[in-house]
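Please walk through this model with me, one site at a time. Keep the sequence and the 3D view side by side.

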Amino acid sequence: MADWTDCLNFGISIAKQASETILVAYHQQKDVKLKSSSADLVTETDQRVEAILISAIRSKYPQHRFIGEESVAAGEHLELTDCPTWIIDPIDGTVNFVHRFPFVAVSIAFTVNKQTEFGIVYSCVEDKLFHAQRGRGAFLNGDPLRASGQQDISRCVVVTEIGAERDDLALSTMTSNIFRLLKLPVHGVRALGTAAVDMCQVATGGADAYYHIGMHCWDIAASAIIVQEAGGVVMDTDGSAFDMMSRRVIAASSSAVANHIAQVIQAFPCRRDDKVSV
Ligand code: LIP
């Protein structure tokens, strides 16, 4: 079996370099543009950091392929193949970055034969580096991570996201999901504004579940393996196997909690990330 540890170590080094660029820009005036909605923002820093990351990887691994949030936004075709592929969100939590709300992450996942070999989530302002390699555990700044193992939904802190959608169906579905969970009841519902860091809270045991409808593969590809390697469960909101392109995910401390959330929440229609627009 191939060993991708050198790629992982290179990924960690460029995530740290990207963080330095992000933190300088974090404190500066930003030029903000809109993407899919008034809440889906992009800055020149998002685009510059993604270009720096891809350029550094391409120089070292010229045969590797990429799926980058801002490259796709600029029209690049999104296709996950069997080739070694880097799935990159240069700034996960761009709204937070613009507002200096201190949860902003670089998210980098690496797949081979469509299987995630490692994931890196670097929460820059917190200086928290989450990473995991398939079969070798999950870590926060080098210390091992373990999910809570909680089995009882009524004893859970659940993390979700408000998302960038602002149409009535998405908003009513999202708010009714939170209402139903609170009425179970659960101990609490939280949202940090970055799917990657949200999901990593499940790996730390600080949260017991995370769910989201509408996010993209680059938001959660890295944090999914971090949760899995921390002993958590990751699946689709319909209870089927996790599919990073479906734009639906549940990550949880146990199958019992994941399945209970799948029974309670509803999804709104989202076009798959890998579905070619007609
Ligand atoms: C963000 C996600 C977050 C979601 C936001 C946005 P971005 O990604 O991480 O969970 O609520 O709407 O999609 O755009 O900051 O990379």
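Where is the place of Asn113? Look in the loop between strand E5 (105–112) and strand E6 (115–123). Keep in mind that this is a predicted model. Asn113 is not a glycine, yet it has a positive phi of about 55 degrees. Most residues other than glycine have a negative phi.

Pro185 lies between helix H5 (168–182) and strand E11 (188–190). Check the peptide bond that joins Leu184 and Pro185. That bond is cis, with omega at about 5 degrees. Most peptide bonds are trans.

Next comes the ligand. Find the largest pocket; the ligand sits there. Why does the ligand lie between domain 1 and domain 2? Both domain 1 (5–144) and domain 2 (153–264) give residues to the shell around the ligand, so the ligand lies between them.

Who makes up that shell? There are 14 residues around the ligand. The closest are Asp89, Asp92, Gly93, Thr94 and Glu161. Strand E4 (residues 85–92) supplies the largest share of the shell, with three residues. Sort the shell by class and you get five charged, six polar and three nonpolar residues.

Zoom in on the oxygen atoms of the ligand. At Ala164, a backbone N or O atom lies 3.2 Å from an oxygen atom of the ligand. At Gly163, a backbone N or O atom lies 3.3 Å from an oxygen atom of the ligand. A side chain takes part in another approach. Here a polar side-chain atom of Asp219 lies 3.3 Å from an oxygen atom of the ligand. How much of the ligand does the protein bury? Taken alone, the ligand exposes 370 Å². The protein buries 90% of that area.

The ligand sits in the largest pocket, and residues from both domains contribute to its shell.

Conventions:
Residues are numbered from 1 along each chain as its sequence is written. This is a predicted model: local features need pLDDT of at least 70, side-chain atom pairs count only at pLDDT 80 or more; totals for chains, interfaces and linings use all residues. Side-chain values use heavy atoms; hydrogens and water are left out. A residue is near a molecule or strand if one of its heavy atoms lies within 4 Å of it. A polar contact is a pair of N or O atoms within 3.5 Å; within protein, one must be able to donate a hydrogen and the other to accept it, and residues adjacent in sequence count only if both atoms are side-chain atoms. Accessible areas come from the Shrake-Rupley method with a 1.4 Å probe; for residues, only the protein chains shown count as cover. On a 1 Å grid over the protein atoms alone, a cavity is a set of points where a 1.4 Å probe fits but cannot get out, and a pocket is an open set with protein on both sides within 12 Å along at least five of seven lines; lining residues have an atom within 4 Å of a point. A molecule sits in a cavity or pocket if more than half of its atoms lie within 2 Å of its grid points. Helices (H or I, at least four residues) and strands (E, at least two) are DSSP runs, numbered from the N terminus. Ala, Val, Leu, Ile, Met, Phe, Trp, Tyr, Cys and Pro count as nonpolar, Asp, Glu, Lys and Arg as charged, and the others, Gly among them, as polar. Domain bounds come from an automatic or database domain assignment.
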